[in-house]
Amino acid sequence: MNSDGKKKPSIAVVKFASCDGCQLSLLDAEDELFAVIGSVDIAYFPEGSRAMRNGPYDIAVVEGSITTHHDAERIQQVRRLSRTLVTIGACATSGGIQALRNWKDVTELVRVVYASPQFISTLKSSTPVAEHVPVDFELRGCPINKQQLLELITALLAGRKPNIPTYSVCIECKRQGNVCVSVVKGTSCMGPVTQAGCGALCPAYNRGCFGCFGPMESPNMASLTKQFRTLGQTDAAISRSFRSFSAWAWQFRKASEECERT
Amino acid sequence: MSGRTKTIRVDTLARVEGEGALQIKLLGDRVADVKFRIFEPPRLFEALLKGRHYTEAPDITARICGICPIAYQMSAVHAMERALGIRIDPAVRLLRRLFYCGEWIESHALHVYMLHAPDFLGYQDAFEMARDHREIVEQGLRLKKIGNSIVTLLGGREIHPISAAVGGFFKTPAKNDLRVLEEDLRWAIDASVSTVKLVAGFDFPDFEQDYEFVALTHPEEYPFNEGRLVSSRGLNIDAAEYEDHFVEQHVKHSNALHSIVRGRGSYLVGPLARFNLNFDRLPVVARQAAYEAHLTPPVTNPFRSIVVRAVELVFACAEALRVVEEYEPPAQPRVQAAARSGVGQAITEAPRGILYHRYALAENGLILAAKIVPPTSQNQKRIEDDLRDFAAQVASWPLDEATWKCEQAIRNYDPCISCATHFLRLKVERE
């Protein structure tokens, strides 16, 4: 019960193919952890607790992409059991780095990694959760920003829309007063097409953005491709830049395929 | 109960990183079958690295594990530097030690306080534990936060930091930038010493095992990024020889690939192995804490790994402070070298044990082949061996208590299943 006598919303943290990092962000919110734990009823969070309850849940927080038959069924079940379902991180929102398999023959890839490929059951592609079930909100990032996660949880508890900007990293970069690594140093930077959320970390560390938060709301991919070519990048290298943690997000996917064709 | 069949079953193993399950079949007091099953889906990293540029490997492999991304970055950069013949600046070497200290502190504090201590004190989780022991959990969280603050200071953020580069860092801090850590680290050393005292007072089952311990060793230092790979049974090799001595074995009954020492069998990596093989390289404050906890090598009870992890917390905090005090910035943040064809191997000590990377590079710097052996896949056979022996000890217990204890036996290894998945099968079938 909350102090006002209302029942606390039950929450489930569910994992699919991922590195665990996004749900770890919750445990990494050391200063806010007790406040968060105190305002929800943690019904299912295996990374943190051995007490696990079957649904239904008020809120499901889903990490990871769908890569196996079993998981394709499991996500349906999670959706059925959850009033609200939000996805966190690049794997859940775009398929993650493992979506690089989507351009390859997965049987061949399995053979590279495993000695007896016949025992491995995996789908040909790694896909975001939203390709399987309706998703109420997608929180981007590889990893997610823990302040944004707290904002998302707060908004869910208050029943309002989370305040998560969808503009580009460039806006954050300017706000921080960073010198533009692309214009001044000629470094290839994905900032113009990447959604804000990291705080423009890479330019502040003398490197170009590599797209952890996926495409911003209206990315001009053609223009950035042209800029990368001007900076001397080969089309193969440009294609690789677009194919990282959010490779399967359609804007990045399409731009990378266009580079491959030329 | 004797003669009756019962099954210890855990469908979703909790307080570990990744997804695993456990099934032990008992016939009376005899253990008939042990399954430590991994259902974490494979993500095929080694295959996906083919055709990527060598500079991308640190950031891509970091995504194998959100708990120990620095370990992946460190093994990747060292393997690449070896392939390219790059010699790093001594100041960069020191900073990498600090970076690794941050990850060890964060990871060990998380495991000791949030994931493992609740088993010893009889709570489902650290949140429930906090109701009775708020100050203990808060101490753990503060330690963890200090580890994270080191990582954030050097790498921009705690998970998948962005500063590690082949040849050094993209940006290195000024001497004064590190000074802000000093006060916290002094507190953290004391807090870690009290952590050792706290966890040494837990009850440990009587369970000694005959392990082959495998860890890096360095002439002067407790190991992170450098050294020879040694074992308690006489192995002493360079990282380049790793694949001559360690093989993945296809175990018929378990359908899992297990890493073994060629010609011998399972082995143990991680805190217990490092402590037993490098005890005299620990700083005085860490050794003192160990002595006071009556902990001297060889420690062969895996349940005591929580105490060893706490001693390593003392080490990591003390080492971090040493680096902060001694550090002078390098002339350049990183050394760059032209791409060339070559092969490079590296082993570094992740919080959970040795992490092996090998890359073959083409002349243009693209990766031709990659091999990654994470610590949990190396410990996996050992975990099953432990369970086989330990389950017999708890066979006569009430099922729920026996189940919990067996879970605890797995958590002794702080297994990171997300990491290990490359090498584990999706399905384990019997008969």
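Visitor: Helices here (H or I, at least four residues) and strands (E, at least two) are DSSP runs, numbered from the N terminus. Where is B:Pro298 found?

Guide: In the loop between helix 11 (284-292) and helix 12 of chain B. A cis peptide bond joins B:Pro297 to B:Pro298, with omega about 0°. Keep in mind that this is a predicted model: local features need pLDDT of at least 70, side-chain atom pairs count only at pLDDT 80 or more, and totals for chains, interfaces and linings use all residues. Residues are numbered from 1 along each chain as its sequence is written, while chains are lettered from A and ligands numbered from 1 in the order in which they are written.

Visitor: Which residues does the cis peptide bond in chain A join?

Guide: A:Gly55 and A:Pro56, again with omega about 0°. A:Pro56 sits in the loop between strand 2 (41-44) and strand 3 (57-63) of chain A.

Visitor: OK, confidence. What does the model score for ipTM and pTM?

Guide: 0.95 for ipTM and 0.95 for pTM. Chain B has an average pLDDT (the predictor's confidence in each residue, from 0 to 100) of 91, and 93% of its residues score at least 70.

Visitor: Where in chain B is the pLDDT below 50?

Guide: Over residues 422-431. Beyond near neighbours in sequence, that stretch still has 34 contacts in the model. Two residues are in contact if their C-beta atoms, placed from the backbone, lie within 7 Å.

Visitor: Now the interface. How many residues of chain A are in contact with chain B?

Guide: 49 residues of chain A, facing 51 residues of chain B. Helices 1 (21-28), 2 (33-39), 5 (106-113) and 9 (201-204) of chain A each give two or more residues to that side. Helix 1 of chain A gives the most, with 6.

Visitor: What is that side made of, by class?

Guide: 28 nonpolar, 11 polar and 10 charged residues. Here Ala, Val, Leu, Ile, Met, Phe, Trp, Tyr, Cys and Pro count as nonpolar, Asp, Glu, Lys and Arg as charged, and the others, Gly among them, as polar.

Visitor: Which domains does chain A have?

Guide: Domain 1 (10-158) and domain 2 (169-261). The bounds come from an automatic or database domain assignment. Their C-alpha centres lie 25 Å apart. 14 residues of domain 1 of chain A are in contact with 13 residues of domain 2 of chain A. Helix 4 (residues 89-94) of chain A gives the largest share of the domain 1 side, 3 residues. By class, that domain 1 side has 5 nonpolar, 8 polar and 1 charged residues.

Visitor: Which residues touch the most other members in the largest nonpolar core?

Guide: A:Val62, B:Met80, B:Ile105, B:Val311, B:Val314, B:Cys317 and B:Ala320, out of 192 residues. Such a core is a set of buried Ala, Val, Leu, Ile, Met, Phe, Trp, Tyr and Cys residues joined through C-beta atoms within 7 Å. Buried means 20 or more other C-beta atoms within 10 Å of a residue's own; exposed means 12 or fewer, and partly exposed is in between, with C-beta atoms placed from the backbone.

Visitor: Which helix gives the most to this core?

Guide: Helix 4 (residues 90-121) of chain B, with 16 residues. Both domains of chain A give residues to the core too, so it lies between them.

Visitor: Switching to helix 10 of chain B. How many of its residues are buried?

Guide: 7 of the 8 residues (271-278), so helix 10 of chain B is largely enclosed by the rest of the structure. B:Phe275 and B:Leu277 are among the buried ones. The cover includes helix 12 (305-326) and strand 11 (342-350) of chain B.
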